[in-house]
Every structure is written in C-alpha cells, then in structure tokens.
Amino acid sequence: MTKQVLLIEDEPNIIEAVRYILSRDGWTVHTHSNGATAVDAVTRRKPDVLVLDVMLPDRSGYDILTDLRAMPEFAGLPVLMLTARGQKQDRELAARIGASRFMTKPFSNSEVLEAVRMLAEAEVPPAAGRAAQ
Amino acid sequence: MSGGSEPLFLARQTYRRRRLMDAARILPVVGAVLFLLPELWASGEGGASTARGGLYLLAVWILLIVVAAALSHRLSRREPGAPPPPPDRG
Amino acid sequence: MLSFNVLVAVCLAYVAALFVVAWWAERRAQAGHLGWLRSPWVYTLSLSIYCTAWTFYGAVGNAARSGLEFVTIYLGPTLVMIGWWALLRKLVRIGRTQRITSVADLISSRYGKSTFLGGLVTVLALVGTTPYIALQLQSVTLSFAVFAPGAGAEGPPDPARLQATALWVAAGLAVFTVVFGTRNLDVNERHHGVVSAIAVEAVVKLFALLAVGVFVVWGLGGGPRAMFDAIEASPIATWEMHGGRWVGLTFLSAAAFVCLPRMFHVLVVENSDERHLATAAWAFPLYLCAMSLFVVPIAVIGLSMLPEGSNPDLFVLTVPLAAGQDGLAMLSFLGGFSSATSMVIVAAIAVSTMVSNHIVMPIWLRVMQGGATVSGDVRDVVLLSRRLSIAGVLCLGYVYYRLSGGGTALAAIGLIAFAGVAQALPALLGGVFWRGATRVGAGLGVSLGFAVWMWTLFLPSFGEGAVIPAAVFENGPFGIGWLRPRALFGIEGMDPMLHAVLWSMILNALGFVLGSLASFPGPMERLQGAEFVNIFRYSSGARGWVPAMVETEDLLMMAQRILGPAEAQRLFQAQARAQGKVGYLPDPTREFLERLERELSGSVGAATAHAMLAQIGGGAAVSVEDLMRVADETAQIMEYSSQLEAKSAELGRTARKLRQANEQLTALSIQKDAFLSQISHELRTPMTSIRAFSEILRDDADLPEAERRRFLNVIHDESQRLTRLLDDLLDLSVLENGQVTLNRQVTTLEAVIDRALDATQARRPRLSVRRDPVRERIAVDTDPDRLAQVFINLISNAEKYCTAADPVLTIAVRREAQGAVVDFIDNGAGIPEAQQTVIFEKFSRLSDTRAAGGAGLGLAICREIMGRLGGAIAYLPGQGGAAFRVTLGDVLAQAAE
C-alpha cells in the first residue's frame with residue numbers, strides 16, 4: 001500500500017506542482033484547500049504525512065496545527081509546514097506548536113521530496129517528541 | 001418654577017432683566033383691563049358715545065403698542081440662551 | 001361702472017403677479033440669497049393672514065350693525081402678541097426644538113406622541129376650517145357680484161355664475177397652493193414663496209383699506225372733526241356695550257389666534273428666527289390697529305350714503321362705487337380678494353399637513369405593516385397625500401359653500417369656526433405650562449369641548465330644523481330639557497354665541513383638568529411633558545431611545561426614503577463626525593436616535609416618526625420599564641443642570657475620539673508588520689509556482705508535449721502576476737510619496753466613464769451597466785487617465801465580486817454644491833459593515849477569491865489617486881448592493897469658469 005500525503009494549500013498552481021512532485025515518487029496525494037475544514041479532512045484521511053500551508057483563507061495553518069496536536073490521535077503526526085513568510089518568528093512559532101519541519105517558499109522540489117520521505121520514515125518525528133515535553 | 005438652588009441676590013443687571021420680563025408678562029393683563037374699562041360707563045343705561053369710545057380704544061391700543069415696542073426692544077437686545085437661527089436649507 | 005370682464009382680467013393679472021413673486025422668492029431662497037426673506041417684517045406681514053375677507057368686508061358690516069363690537073376680533077390677537085414673552089416665545093421655541101409641524105402635531109407630541117390626539121385635533125381643525133374656506137369663497141363671489149353687469153349693489157346676482165366663480169377661485173387656489181406649498185417635504189424648510197406672496201397680499205389689503213378710509217374721511221366726510229360729528233349723529237352713535245359678548249369675543253379671538261391651524265403655521269412653523277417675535281410683538285398690533293382705524297367712518301358714511309337695505313358687509317366696495325371712484329373700488333376689491341386668497345392658501349397648507357401626517361400616514365403605516373419603512377418611497381407618499389389633502393380641503397370648502405347656499409348662515413360662521421378651533425386651547429396651554437397634564441385629560445377635554453361646540457353652535461348654525469329638528473331646540477333631545485342646544489343646563493336667555501363658548505370651554509377645561517388629575521401619564525408623556533414645560537431650561541430634545549437595538553444601516557435606508565438620499569447622507573455623515581468617526585454610519589447612540597427622530601418628525605410628524613423608528617427597532621424599541629428607568633434618570637438629571645449633561649456628552653466624545661486614536665495607532669503598527677509579511681507572501685507565492693515548475697521542466701526530460709506546454713503557461717501566468725503586483729506596488733508607493741505628476745486637463749465625466757467602460761468591455765462578460773449620460777455631462781478639471789483608472793477598478797470589482805445572478809452596475813452622477821459625486825452601485829450582497837472600513841487598506845481582499853487575480857491593492861490605489869486629485873472615495877452603505885462614492889471636490893469650481 002502506498003503512503004498517503006495530505007496537502008493543505010489554497011494556491012492552485014502550488015497544489016499542482018507538489019502533487020506532481022510527490023505522485024511521481026509514488027505517493028498518494030490528497031489535497032484540501034479550505035482552512036476551516038482542514039482538521040476534519042485530516043481526521044477523515046488519516047495521512048502518513050501532512051503538508052500544511054500557513055497562510056490559508058479562513059484559518060491559519062498555526063491554528064490548524066495547534067488543534068491537531070491537541071488530539072491524541074495526531075500528536076505524533078509528521079507535519080511539514082510551508083510558508084511564504086520566512087521570518088524568524090514564524091519559524092519559532094512553528095517549532096513551538098509542534099511542526100516537524102518548516103520550509104519557506106519558494107522551495108526546491110527535491111528538498112520537499114526529501115523532507116516528506118524523511119518524515120514518513122522516522123519512527124518518532126523529532127519535533128513531536130519536543131512538543132510533548 | 002424657579003428651583004431652590006437659585007441665588008438669593010442677583011447682580012443688578014440680571015435683576016433689572018428679570019423685572020423687565022415681569023413687565024412683559026404683565027403687559028397683556030394691563031391691556032385686557034384697560035380694554036374692559038369701558039364696561040364701567042358704556043354698558044349701563046343709554047350707553048356711551050361711539051366716537052369717544054373709539055378714540056379711547058385707539059389711545060389704549062397705541063399706548064400698548066408703544067410700551068410693547070419699548071419692552072421687546074430691550075428684551076431682545078441680548079437674550080441669553082436663545083439658540084442662533086438654524087441655517088435655512090432652501 | 002367697471003365691466004365684469006375687466007375685473008376678471010385684473011384678478012388674473014393679480015394672481016399671475018403672486019405667482020411671479022412666489023416663484024422669484026423661491027429662486028432667491030434656492031440660490032441662498034435669503035436676505036429680507038428672513039426679515040422680521042416679512043414675518044410680521046405674514047401674520048396678517050389673520051385678517052381674512054371676513055374681517056376685511058365683515059368688520060365694516062359688523063360696525064354698521066353693532067358699533068364698536070367689531071374691534072374685539074382685533075383686541076384678542078393684540079393682547080396675545082404684546083404678551084409674546086409669556087406664550088408665543090415658548091411655543092416658537094418648542095416648535096423649533098421639537099420640529100413641530102402643526103397644532104395637532106404639538107398636542108400629539110406633547111402627550112406622548114399620541115396618534116389618537118393628533119387625529120382628534122386634526123378632525124377639529126378640518127371641521128373648523130372648512131366653513132371658513134367656504135366663507136372666503138362666498139366673500140369673493142359676493143364682491144364679484146357687486147361688479148356683475150346688470151346687478152347693482154343690491155340686485156340679486158345670478159347664482160349659476162357665482163357658483164362658477166367660486167369654483168374657479170377654488171381651483172386656482174388649489175393649484176397655487178400645491179405648486180408652492182408642497183415643494184419641500186420638511187416643513188422646517190420654509191415656504192419662502194408662499195410667505196412672500198402673503199406678505200405682498202398683506203400690504204395690498206392694508207393699503208386698500210387705508211385708501212378707502214382716507215377717501216371716506218377726507219373726501220366724503222370733510223376731515224376728522226366733521227367725521228367725529230358725523231359719527232355722533234349716526235345710527236350707531238351710542239355704544240351699548242354688551243359686557244359678556246365683549247369679554248367673550250376678545251377671549252375667543254385671542255384663543256383662535258393661537259389655535260387656528262393657519263395662524264399656528266405662520267406663527268410657529270414658518271418662524272425662522274425667534275427674535276422676529278420681538279418685532280412682530282408690536283408691529284402686528286400696529287397693523288391690526290391700522291386695519292381697524294377707518295372701519296367706523298366707512299360704516300357711518302355707508303349708512304348715510306347708500307339706500308336703506310344695502311348690504312353693509314360690502315360698504316368697503318359700494319361706497320367708492322357710489323362715489324364714482326371706480327379705481328378705488330377696484331383697489332378695494334383686490335384688497336378683499338387678497339385677504340381671501342392668502343387665508344385659503346395657508347389654511348390649506350396647514351390643514352393638509354395635519355391630515356397627511358395625522359390621518360393618512362398612520363393609516364398607511366398600519367396597512368403597510370413593517371414593510372413601510374423598508375420598501376417604497378415614503379417621500380412620494382407623503383407629498384402625494386399632502387397634495388391630495390390640499391385639493392380635498394378646498395373641495396370640501398367649495399362643497400360646503402354650495403350646500404349652505406351662500407346665505408346669511410355663513411355670516412356668523414367666522415366666529416363659529418373660532419369657537420371650534422379654540423377647543424384645542426386648554427390642551428395646548430396646559431401642555432405647555434403644566435407638567436401634570438396627561439393624554440387622558442387632553443383627550444377628554446378636547447372631545448367634550450368639541451361635542452358641546454357641535455351641539456350648541458355648529459349644528460344649530462345650519463338653522464332650526466336643518467340638522468337638528470326644531471322640536472329638539474324646543475324640548476331637548478328625547479325631551480331632556482337641560483340638553484337643549486341653546487339652553488344647556490337650563491340656562492336660558494343667553495346670547496347663543498356666548499352660551500356655546502362658555503359651556504364648551506368650561507366643560508373642556510374641566511374635563512382636561514379632572515382627566516389629568518385622575519389619570520397617570522405614560523413614561524413617554526412624562527418625558528415630553530417635562531421637556532415642553534421646561535423648554536427654556538433644557539432645550540436638549542426628547543428622550544426615549546435605548547441605543548444598540550437598531551442597525552444604523554437600516555436607519556440610513558429609512559431616512560433616505562423620507563429625507564431624500566443627499567439630505568440623509570449629510571445628516572448621518574455629520575453625526576458620525578460629531579462622534580469622532582469617519583464614514584456614514586454613526587453609532588446608534590440615544591442622542592443620535594433622538595436627533596434622527598426629530599429630523600424625521602419635521603417631515604412626517606412626531607407620532608409617525610416615532611412609529612417608524614419603533615418599527616426599525618423591532619417594534620419594541622423601548623419597553624415601558626426601560627422608559628420608566630430613563631424617565632427617573634431624566635427627572636433626576638433635570639433637577640441638576642443641563643451643564644452636567646453637556647459635560648458628559650463632551651467626555652463621551654473625547655473618550656470615543658481617544659479610543660479611536662488608540663485603535664488607529666495599534667492598527668498602524670500591526671499594519672506595518674502585516675504589510676511586510678503581506679508583501680513577502682504576495683511575492684513568494686507566484687515565485688514558488690515558477691520555481692517548482694521550472695525545476696520540473698529542467699529535471700524531467702521525458703515530459704509529454706501537452707504537459708510541458710501547460711507548465712510553461714503556468715510559469716508565464718505567474719510571472720505576469722508578479723509583474724502586475726510589482727507595478728501596483730510601485731504605483732502605490734509613487735502615489736503615497738506624492739511623486740506623481742498629474743496630467744490635468746478639462747474633460748467631462750461622460751468621457752471618462754466612456755473610457756473606463758471601453759477599457760473593461762472585454763473583462764466583463766456578465767456585468768451590465770446602467771447610466772444616464774445626460775447627467776454625466778459635467779465638466780471637470782482632472783487627470784483623465786488617473787480618474788479612469790479609479791473607475792476601471794470599481795467596474796472590475798463589480799464584475800468580480802457582485803454576487804447577483806444578473807449583475808447590474810448603476811453609475812449615478814450628481815452635481816453637488818461644490819463638486820460632483822459619482823456613485824457606483826451594484827445589485828449584489830454588498831459589503832458587511834465590519835469590513836467596510838478595511839477595504840481601502842492595502843492587501844485587504846474580502847475573501848479567498850484568488851481567482852479575482854488582484855493583490856488587494858486596487859482600492860488602496862483608488863483612494864490615493866482620489867486624494868491626489870482633490871476628491872475622495874468612500875464606501876456608501878445602505879444602497880442595497882455594494883456602493884462606492886467617488887467625490888470630485890473643488891475640481892469642479894475651477895472648471896466652472
């Protein structure tokens with residue numbers, strides 16, 4: 001069975017690019033572009049890796065992640081955060097609320113692929129352990 | 001009407017103004033009495049002269065007009081608290 | 001002898017002259033040249049509508065019959081005027097602060113904005129005014145008859161011809177009144193045309209009467225001394241004063257002077273400045289004195305010169321005619337004619353306002369239920385109902401004239417009407433001077449007085465057996481003796497007039513006082529009562545609205561329908577500014593609601609305005625408990641001083657301003673951070689796509705051709721998006737730093753709008769545009785490219801965001817006092833109130849419509865451009881859909897050269 005990735009992102013061209021990159025590597029890619037219903041989508045899909053954009057309409061990626069980490073089921077879910085606002089405090093905030101990896105747009109395709117592969121293979125995502133402390 | 005919080009002694013000018021207002025309020029009463037005065041001689045037997053009665057009424061009338069003009073001139077010179085006329089929207 | 005046709009021609013010329021005067025005065029007022037239109041003299045002269053044709057002709061007739069008694073009709077008003085400080089000043093102040101439109105409105109407003117009382121007083125006024133108008137028609141037709149061919153002073157005039165004359169006069173007056181009396185809805189916007197015409201008429205009738213008098217005394221009587229002797233030798237040489245009638249008539253005329261609808265209208269409603277009263281206080285008595293100066297001499301000469309049995313009511317006309325002075329007779333005829341016309345015009349305006357505000361509008365509101373305030377144009381309804389009421393009132397007058405046959409029954413009707421309208425006096429005086437007066441008392445008093453007046457005076461005036469059977473006069477109704485119309489409570493032998501006035505006023509006042517003492521006033525009544533009685537202590541306006549129960553936008557919608565869009569928007573904007581806010585939507589504070597209610601009541605009357613606001617507020621804008629609390633609070637505050645209130649208002653204003661300043665500062669610093677990260681986001685997003693796809697294209701050599709092409713397209717589109725964004729940012733920064741050079745030139749709005757529509761043609765497949773090119777032909781001195789850029793932005797926004805199935809954009813252009821406004825109104829869902837203030841900020845896109853393709857800089861750029869052009873752009877709430885108003889400021893003043 002192939003591994004599942006859920007991509008939460010609102011920009012159609014970026015969705016298409018990420019989908020192309022990951023599916024070529026053998027992943028099953030689900031996408032969702034509404035921030036408000038993102039948590040439901042995660043609950044429904046139960047992905048192996050979550051790729052989460054920060055600047056979503058309706059709801060920020062930070063809020064979504066905070067909600068997910070509060071659910072025991074997803075406390076250990078590997079999450080790759082993507083943001084177009086690459087400031088220091090964004091990175092710190094992402095780490096604090098339990099993002100597994102943080103990447104700034106524009107990203108290189110191989111980097112993303114690399115990150116997703118790594119997150120899926122790690123037994124316990126390093127960031128999740130930090131978040132649990 | 002006037003509240004108990006008003007001061008007992010008023011400045012001379014304010015005092016004069018108050019009495020002026022009193023006069024303006026009493027004037028119509030005075031006028032009414034003067035206009036009724038012919039009752040004393042004209043309503044009895046035989047009545048009175050129309051011409052003389054008319055002249056009397058005319059005299060009272062003009063007196064009232066003059067007094068009213070004098071009073072309202074002084075009263076309207078400076079009326080505190082009167083709102084300025086609103087701008088007329090034509 | 002003057003021919004009848006010449007007379008008609010002169011009359012027509014006179015009426016035409018009045019039209020010209022009225023039209024000219026309106027023009028001046030519109031142009032803002034009020035000047036003498038607002039002088040105390042015009043005000044004083046306008047009061048002369050008290051002297052109707054009845055007094056013009058009838059005073060001499062009365063003097064010929066009962067000597068000096070005629071003068072009582074003038075003495076009452078004289079006393080009221082010289083006592084202005086006590087009563088009239090108060091009425092005028094109340095009328096101004098409460099925006100009173102009529103006697104009925106004053107009483108209704110004072111007693112808790114009662115619809116019932118307003119209606120009752122209106123009926124009273126209508127019943128009292130109708131015969132009075134009939135009387136004027138009769139006077140005019142009778143005076144016509146004097147000149148009619150073949151008919152001497154005493155010859156029987158041809159009835160058909162007289163009726164035709166009356167009909168034409170009534171119709172002509174109706175036209176004049178409708179044209180000049182209903183131009184504006186708000187009675188506080190004064191009828192300059194009508195008032196000026198009346199002032200002219202006042203001069204004409206005074207001049208006419210004085211001319212006849214001078215001719216009689218010096219031309220016929222041989223000087224004052226000889227005149228004195230002539231009076232002493234005449235049939236009316238002895239003055240047998242009837243004390244009761246003397247007092248009664250003086251009182252009655254004084255009461256009527258205040259209560260007559262037309263008098264209240266000129267005294268209070270048309271008053272533009274309180275200080276005018278100070279002048280009128282002595283000048284109007286002088287006018288009355290002059291009007292009565294020659295009455296006795298004319299009567300005496302008439303009695304001696306004219307044959308036995310001549311109608312003394314027409315001496316003013318027939319004496320100059322008999323002396324061969326045709327010109328003078330003509331002048332005198334015009335005097336009588338002008339007395340009649342001015343009275344009818346103002347009476348019709350006053351009564352029609354009452355009927356429309358207190359009978360038609362309440363019924364209409366009830367019929368329309370809650371929909372009244374939100375659908376349909378209330379303005380049109382009010383104006384139409386007022387116009388129809390004018391026609392109706394005049395029509396009633398004519399019908400009454402026809403029914404009464406124009407006979408002698410009419411001669412007494414003047415006093416009968418006085419007695420009728422005087423029934424409003426106790427409620428009016430009590431309401432203004434006594435806080436304890438209640439609605440129950442007022443209703444009881446007015447009803448009782450009205451009933452007694454009807455029974456003892458009005459109905460009997462038609463003659464025994466006409467309405468009330470003769471047997472009832474003899475034995476009373478159902479044989480109840482003490483209810484006989486002319487001998488109430490068994491008191492016989494009194495003068496019928498005096499009898500009626502005495503009983504109706506006594507029972508009226510008694511009912512009013514007892515009713516007031518026994519009942520308990522509602523909270524609204526207590527508030528209004530305190531407000532009216534203590535008007536000079538606190539001119540702060542009525543209370544009673546609990547804020548935050550109403551949506552300001554709904555209020556604006558309603559206000560626009562009543563006051564007209566421009567006026568309502570001005571009011572809301574001013575209020576918002578007073579609260580320290582920008583835009584069109586002030587907080588619905590109590591002060592604001594009260595102010596609004598007063599503004600509305602200037603147009604539709606207090607009770608109706610209150611009901612309309614209540615409808616918006618959900619039917620129960622104010623609960624009784626709320627009101628009681630407010631009432632107690634108010635009573636306490638009132639016992640302090642109004643200063644406290646002013647201070648707290650000042651404090652509130654300052655606090656609001658501080659709060660807003662603080663909000664702005666916080667918002668500004670947040671904005672700065674947000675701006676940077678927004679720019680970062682907006683730039684990085686397209687770059688992400690570009691990078692990702694170009695890497696794909698680089699790394700995957702075996703991509704199918706179709707795929708390649710699609711990816712290349714994405715890269716192309718995204719780089720264009722990037723360019724557009726950079727362009728916008730650059731544009732904005734240039735504008736914000738003031739480095740932009742404007743290419744000003746004179747063009748028309750039509751040309752700019754044409755350009756904007758052409759440029760967006762391809763980009764708006766769905767949107768249809770509605771416009772009125774004729775109104776767009778306004779020359780402006782502006783930068784056409786920049787202005788077109790603003791318009792293009794607004795049009796594209798409408799295409800992008802309008803949610804309607806058939807999106808329609810209305811572009812409405814209007815010329816303003818200094819500049820022009822261009823409104824862009826679509827039929828979509830509009831923009832929620834909370835968002836309205838942020839849409840002009842940078843990067844504020846309302847939703848996730850990336851499809852819209854902009855970075856959210858469009859409106860920010862528009863705002864900057866308009867600022868540079870010396871205009872403004874704002875969101876205009878309450879238009880149904882999304883609406884933007886582009887204001888071109890002083891630009892136009894330069895172009896007007």
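**Close-ups of a predicted three-chain model**

View 1. Chain A is built from 6 helices and 5 strands. This is a predicted model, so every view here shows a prediction. Reading from the N terminus, the elements of chain A go β-α-β-α-β-α-β-α-β-α-α. Of the 133 residues in chain A, 43% are buried. Take the contacts in chain A between residues at least 6 apart in sequence: 62% of them link residues at least 24 apart. As for confidence, the mean pLDDT of chain A is 84, with 90% of its residues at 70 or more. The stretch to treat with care is residues 123-133 of chain A, where pLDDT stays under 50. For that stretch the model has 17 contacts beyond four places in sequence.

**View 2. Where chain C touches chain A.** Here 18 residues from chain C meet 16 residues from chain A. On the chain C side, helix H29 (642-699) and helix H30 (705-736) each put in at least two residues. H29(C) gives the most, with 13 residues. Sorted by class, the chain C side of this contact has 5 nonpolar, 7 polar and 6 charged residues.

**View 3. Where chain C touches chain B.** In this contact 43 residues of chain C face 38 residues of chain B. Several elements of chain C give two or more residues to it, among them helix H1 (4-30), helix H4 (72-82), helix H10 (223-233) and helix H11 (243-259). Strand E1 (238-239) and helix H13 (276-293) of chain C are also on that list. H13(C) has the largest share, 6 residues. The chain C side that touches chain B splits into 24 nonpolar, 11 polar and 8 charged residues.

View 4. Zoom in on E1(C) and you find strand E1 (residues 48-49) of chain B alongside, paired with E1(C) in the antiparallel sense over 2 bridges. One residue pair to look for is Ala48(B), which has Trp239(C) as its bridge partner in E1(C).

**View 5. The open five-stranded sheet of chain C.** Follow the strands across and the order is E3-E5-E6-E8-E7 (chain C), with mixed pairing. Strand E3 (768-771) and strand E7 (871-875) of chain C are the edges: each has a single partner strand, so one side of each has no neighbour in the sheet. From one strand to the next, the twist averages 15 degrees. Inside the sheet, strand E5 (residues 808-816) and strand E6 (residues 819-826) of chain C pair in the antiparallel sense over 8 bridges. Leu809(C), for instance, has Asp826(C) as its bridge partner in E6(C). Helix H34 (residues 858-868) of chain C lies across E7 and strand E8 (883-888) of chain C, and runs at about 145 degrees to E7(C).

**View 6. H9(C) packed against H13(C).** Two packed helices are described by the angle between their axes and the distance between the axes. For helix H9 (residues 192-220) of chain C and H13(C), the axes come within 8 Å and cross at roughly 40 degrees. The crossing of H9(C) and H13(C) is left-handed. From H9(C) come Leu206(C), Leu209(C), Leu210(C) and Gly213(C), and they meet Tyr287(C), Ala290(C), Met291(C) and Leu293(C) of H13(C).

**View 7. H5(C), a mostly covered helix.** In helix H5 (residues 88-97) of chain C, 8 of the 10 residues are buried. H5(C) is followed by Arg99(C), which has a positive phi, near 50 degrees.

**View 8. Pro131(C), a proline in a helix.** Pro131(C) sits in helix H7 (residues 115-147) of chain C. Is this proline buried or exposed? Pro131(C) counts as buried because it has 24 other C-beta atoms within 10 Å, and 20 or more is the cut-off. Leaving out neighbours within four places in sequence, Pro131(C) is in contact with Tyr400(C), Ile413(C), Ile416(C) and Ala417(C). Gly414(C) is 283 residues from Pro131(C) in sequence, yet the two are 8.0 Å apart in space, C-alpha to C-alpha.

Terms used. Residues are numbered from 1 along each chain as its sequence is written. Chains are lettered from A and ligands numbered from 1 in the order in which they are written. This is a predicted model: local features need pLDDT of at least 70, side-chain atom pairs count only at pLDDT 80 or more; totals for chains, interfaces and linings use all residues. Two residues are in contact if their C-beta atoms, placed from the backbone, lie within 7 Å. Helices (H or I, at least four residues) and strands (E, at least two) are DSSP runs, numbered from the N terminus. Ala, Val, Leu, Ile, Met, Phe, Trp, Tyr, Cys and Pro count as nonpolar, Asp, Glu, Lys and Arg as charged, and the others, Gly among them, as polar. Two strands pair if DSSP finds at least two bridges between them. A residue is buried if 20 or more other C-beta atoms lie within 10 Å of its own, exposed if 12 or fewer, and partly exposed in between; C-beta atoms are placed from the backbone. Axes are lines fitted to C-alpha atoms, for helices over the stretch in contact, and angles run from 0 to 180 degrees between N-to-C directions. A crossing is left-handed if the near helix is turned anticlockwise from the far one by less than a right angle, and right-handed if clockwise. pLDDT is the predictor's confidence in each residue, from 0 to 100.
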